[in-house]
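Work through the exercises below with the model open. Each task is followed by its solution.

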Amino acid sequence: MANGVFETTITDGVLQAGRPDTDWLSTGVDGGRGRADAAYNITVPTGWDVTDLSRYVDRRTAAAGFEIDGPALLTGVEQRHARRAVLDPVEVLVTAGLSNPATLPPQGATESSTTVEGDSTTPDTTDHYGTINIIVGTTRALPPAALASLLAGVAEAKTATLSHRTDFTGTTSDAVIVGSDPTGEPAQFAGSATTVGQAARACVRDGLTAAVDARYPDGELPRSVADADYGAATTATATVSTLK
């Protein structure tokens, strides 16, 4: 871990990001906050249709020889496409597939799209899964509010990065895990102007760019929802009113 935050190992399609006694916040399988010595990014096979996600994660990590419990993300992207970015007290691990993009057109705009069922933990069941999975770690000790702020900043950085290369802001199944070291130097905040926040934003931008290039080496990535095999555009209109 001298060159970053995590000790990483990849076995049988399972990426373990190890760091002792880390405080995690996850949007993945059985997400939320928790303490663990590792987090995981797990590649699922073509045609994957498992519904008991927790049991599946346990089975895959055990089969790969990992005995440590921890938060997990699922993806159809092979781990050979994973990329690492390190800056100051932050490390980011990213895999990126873009087969099911999601976008938010301006009010009143419409965009042709195919809606797929899914959530932040379940990839679609096509031959080319799409999801952007991001695992972030910092050596700083963050309080709960700052850890949540870091997760929000990571999502914002992902959106900004994709917007420079495509017409969409993410996929229908993106997921994020962020972690901090409870014994590290305290940092009260993790917004975009802080050391942790700025480093995370840069790492997400650079790591995601590299992960997209690794997954689509010929440059033929979908540029819009209409270009992709699957995807969704939010075209509904909310009712807005003043507060009383």
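**Exercise 1: a salt bridge between helices**

Asp213 is partly exposed, at a relative accessible area of 37% (buried is under 20%, exposed over 50%, partly exposed in between; 1.4 Å probe, protein chains only). This is a predicted model, where local features need pLDDT of at least 70, side-chain atom pairs count only at pLDDT 80 or more, and totals for chains, interfaces and linings use all residues. Residues are numbered from 1 along each chain as its sequence is written, and side-chain values use heavy atoms, with hydrogens and water left out.

Solution: 
1. Apply the rule: a side-chain nitrogen of Lys or Arg within 4 Å of a carboxyl oxygen of Asp or Glu.
2. Arg165 lies in helix H2 (residues 144–165) and Asp213 in helix H3 (residues 195–215), so the pair ties together parts 48 residues apart in sequence. Helices are DSSP runs of H or I, at least four residues; strands are runs of E, at least two; both are numbered from the N terminus.
3. Arg165 is partly exposed, at 28%.

**Exercise 2: burial in a pair**

Task: Is Glu91 buried or exposed?

Solution: 
1. Glu91 forms a salt bridge with Arg84 (2.4 Å, N to O).
2. Glu91 has a relative accessible area of 0%, hence buried.
3. Arg84 is partly exposed, at 44%.

**Exercise 3: the sheet**

Task: In what order do the three strands of the open sheet stand?

Solution: 
1. Pairing takes at least two DSSP bridges between strands.
2. The order is E9-E7-E11, with mixed pairing.
3. E9 (170–171) and E11 (232–233) are at the edges, each with a single partner strand, so one side of each lacks a neighbour in the sheet.
4. E7 (residues 101–103) and E11 run parallel, joined by two bridges.
5. Thr103 stands opposite Ala233 in E11.
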